[in-house]
Every structure is written in C-alpha cells, then in structure tokens.
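Here are a few notes to get you started on this one. Have a look at the picture first, then read the points in order.

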Amino acid sequence: MIDVLHREAVYLWYYFSVQLEQIFKYWVLGMVLGSLVSVFLKEHIHRVFRSMGKKRLGILGIISASILGIASPLCMYGTIPIAASFSRSGVMEDGSRRDDWLAAFMMSSILLNPQLIIYSAALGAPALAVRILSCFLCGVFAGVLIRLFYRRHPFFSFKGFEEPKSRDTDSNLLLRFLKNLGRNVKATGWYFLAGILLSALFQRYVPADVVTRLFGGNEALGVLMAATVGVPLYACGGGTIPLLQAWLLDGMSLGSAAAFMITGPATKITNLGALKIVLGMKRFVLYLVYVMVFSFLTGLVVNFV
C-alpha cells in the first residue's frame with residue numbers, strides 16, 4: 001500500500017513539476033505586468049475613459065470602452081465603483097447616461113486584463129488571439145445591445161457606490177510597485193498552484209480520450225459542455241490556465257476552450273455577486289443569458305473557422 005501511494009505521489013509530482021516549469025514564467029510576467037499597469041497606467045486609463053464623455057463618438061465610443069476595459073487591471077469589485085464614477089461624470093448627447101459605454105467597459109474588464117493576457121500566452125498564440133478578440137467583441141456587442149434596447153432607460157444602478165481609495169500611495173515608486181506586486185502574488189498564488197495540482201490530477205487519472213470525447217472536435221455539444229463547465233470550475237484566471245493547457249493537449253477544441261474562457265470569468269461567484277447589486281434580478285438574468293449565448297456562438301465560430 002505504501003509503495004502504491006509512493007508511486008502515485010511520484011507520478012503526480014512529475015506532472016505537477018512539468019506543468020509548473022511550463023507556466024511559471026508566464027505567471028511571473030503576468031504579476032509584474034499587472035502591477036506595472038496598476039501602479040503607473042491605471043489612473044491614465046481611467047482619465048481617458050472619463051474624457052470620452054465630452055466627445056461625440058457613437059459606436060466608436062463602445063469600441064474604445066471595450067479596449068480600455070481590457071487594459072484596466074481592476075477586478076470586478078474595483079471596476080463597479082469606477083464605472084459608477086464614470087456614470088456620474090458623463091452624459092450622452094440626448095441627456096441620458098452612456099450605459100452602452102459602461103457595459104462595454106465592464107464586460108471586457110470582467111473577462112480580461114493585462115495580467116491574464118500574459119497568463120494566456122502559455123496556451124499558445126492561437127488561443128491567446130482567440131481570447132483577446134472574443135473578449136473584446138463580447139464587450140462591444142454588450143454595449144451595442146444596451147445602446148439598442150436601453151438607450152432611453154438606465155441599465156445600471158450605482159446607488160451607494162463610491163470610487164475606492166487607491167492603495168498605491170507610497171511616495172517611493174519602487175516601493176509602491178513592490179507592495180502592489182506582493183498583493184498580486186498573495187491574491188493569486190494559491191489559485192495558481194491549485195490550478196497546476198488540479199491539472200496534474202486530470203493528466204494522471206482522466207484519460208485523454210475522455211477529454212477528446214467531451215470537448216474535442218467541432219461538435220456543438222463539446223462547446224456547450226465547455227461553456228457549462230466554465231461556470232463552476234472558474235475561481236481565478238491564473239488557476240485555470242494549467243487546466244486549459246492540459247485539456248488542449250488532450251484534445252479539447254479551440255472553440256470549446258474559447259467558450260470556457262468566456263463563461264468562466266463572466267460567472268465567477270464574486271463577479272456575479274457584484275453584478276447582481278448593480279443590475280437587479282431581471283437584467284442580471286439577461287446578463288447570464290447573454291454570456292451563455294455569446295460563449296456558445298463564439299465556440300462554434302472558432303471551431304468552424
């Protein structure tokens with residue numbers, strides 16, 4: 001019995017160490033880039049978005065908002081108060097709020113940030129390109145839908161939200177960066193290691209042909225399965241990268257991976273809790289339907305292409 005346990009431990013350590021070696025550098029680069037953006041570029045990004053409220057940009061404003069959402073390093077609980085301040089600082093040409101721009105910014109910000117872009121590079125260039133493009137388009141289409149159906153009615157309710165105080169206040173820029181980096185490592189490190197461990201367990205005990213049958217090929221069922229699995233499995237962006245890498249190697253289709261990468265962060269429990277507050281039940285349900293439909297269609301299109 002002891003020999004069996006020892007053998008299994010050796011196998012698991014092998015899979016764990018190989019995965020760690022492949023992904024660790026991307027995690028470190030992601031941490032560093034995320035902290036650099038947060039400390040030195042975050043305020044500039046937000047000032048650019050606020051300044052857009054003084055211009056007549058139309059659909060171009062939605063596109064710009066989605067790009068800025070991806071560039072923003074904030075998590076959802078940081079994005080909502082920022083969006084609330086954006087809402088109070090700008091009005092549309094007809095006097096109503098620019099909820100279409102806010103929707104594009106918040107949607108893309110939920111799905112992607114500079115840190116996660118670096119993590120996702122571990123999945124290869126095609127998966128990285130699909131992730132960036134699909135998250136950008138998800139934000140754009142969300143903004144367009146709000147513009148079409150909620151042009152005269154508010155979609156968000158930011159009552160009671162105030163912009164959070166920045167924690168990056170140290171006068172010494174190097175110390176400010178190092179403190180931010182430390183908070184990032186502390187917030188994501190355990191999820192990163194847990195993701196690698198989970199990936200090692202899958203590689204050791206789940207046959208590759210099972211993954212291929214579930215998520216492989218161009219079948220709609222595989223995409224739907226990946227979109228559905230993304231809901232309960234997603235906890236942290238860095239934590240899911242090792243799992244996705246293993247699944248892609250075992251035969252998961254790129255379309256299924258794209259669906260997983262959308263539904264995962266979009267339905268992360270902490271994100272849902274924050275969104276429920278600013279959307280209300282009816283619009284919250286619309287949000288969930290939008291995410292599932294968009295992820296499913298994205299997966300089908302990616303597989304077809």
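1. Start with the overall make-up: the protein has 12 helices and 0 strands. Read from the N terminus, the elements are α from one end of the list to the other: α-α-α-α-α-α-α-α-α-α-α-α. Keep in mind as you go that this is a predicted model.

2. Next, the chain as a whole. There are 305 residues in the protein, and buried ones make up 49% of them. As for contacts between residues at least 6 apart in sequence, 84% join residues at least 24 apart.

3. Helix 6 covers residues 125-149, and helix 12 covers residues 269-304. Their axes come within 11 Å and cross at roughly 135°. The crossing of helix 6 and helix 12 is right-handed.

4. Who meets whom there? On the helix 6 side you'll find Val 130, Ser 134, Leu 137, Cys 138, Phe 141, Ala 142 and Leu 145, and they meet Tyr 290, Phe 294, Thr 298 and Val 302 in helix 12. Sorted by type, the residues of this contact come out as 9 nonpolar, 2 polar and no charged.

5. Ser 134 is worth a stop of its own. Is Ser 134 buried or exposed? Its relative accessibility is 6%, and since buried means under 20%, Ser 134 counts as buried. A polar atom of the Ser 134 side chain lies 3.2 Å from the backbone oxygen of Arg 131. Leaving aside residues up to four places away in sequence, Ser 134 touches Ile 262, Phe 294 and Thr 298.

6. Which residues does Leu 244 touch, not counting residues up to four places away in sequence? The list is Leu 123, Met 252, Ala 257, Phe 260 and Met 261.

7. Ala 122 is 122 residues away from Leu 244 along the chain, yet their C-alpha atoms are separated by 9.7 Å.

Key:
Residues numbered from 1 in each chain as written. Predicted model: local features only at pLDDT ≥ 70, side-chain atom pairs only at ≥ 80, totals over all residues. Heavy atoms only, no water. Helix = DSSP H or I, 4+ residues; strand = E, 2+ residues; numbered from the N terminus. Buried < 20%, exposed > 50% of the residue type's maximum accessible area, 1.4 Å probe, protein only. Polar contact = N/O pair within 3.5 Å; in protein donor to acceptor, adjacent residues only side chain to side chain. Contact = heavy atoms within 4.5 Å. Axes fitted to C-alpha atoms, helices over the stretch in contact; angles between N-to-C directions. Left-handed = near helix turned anticlockwise from the far one by under 90°. Nonpolar A, V, L, I, M, F, W, Y, C, P; charged D, E, K, R; others polar.
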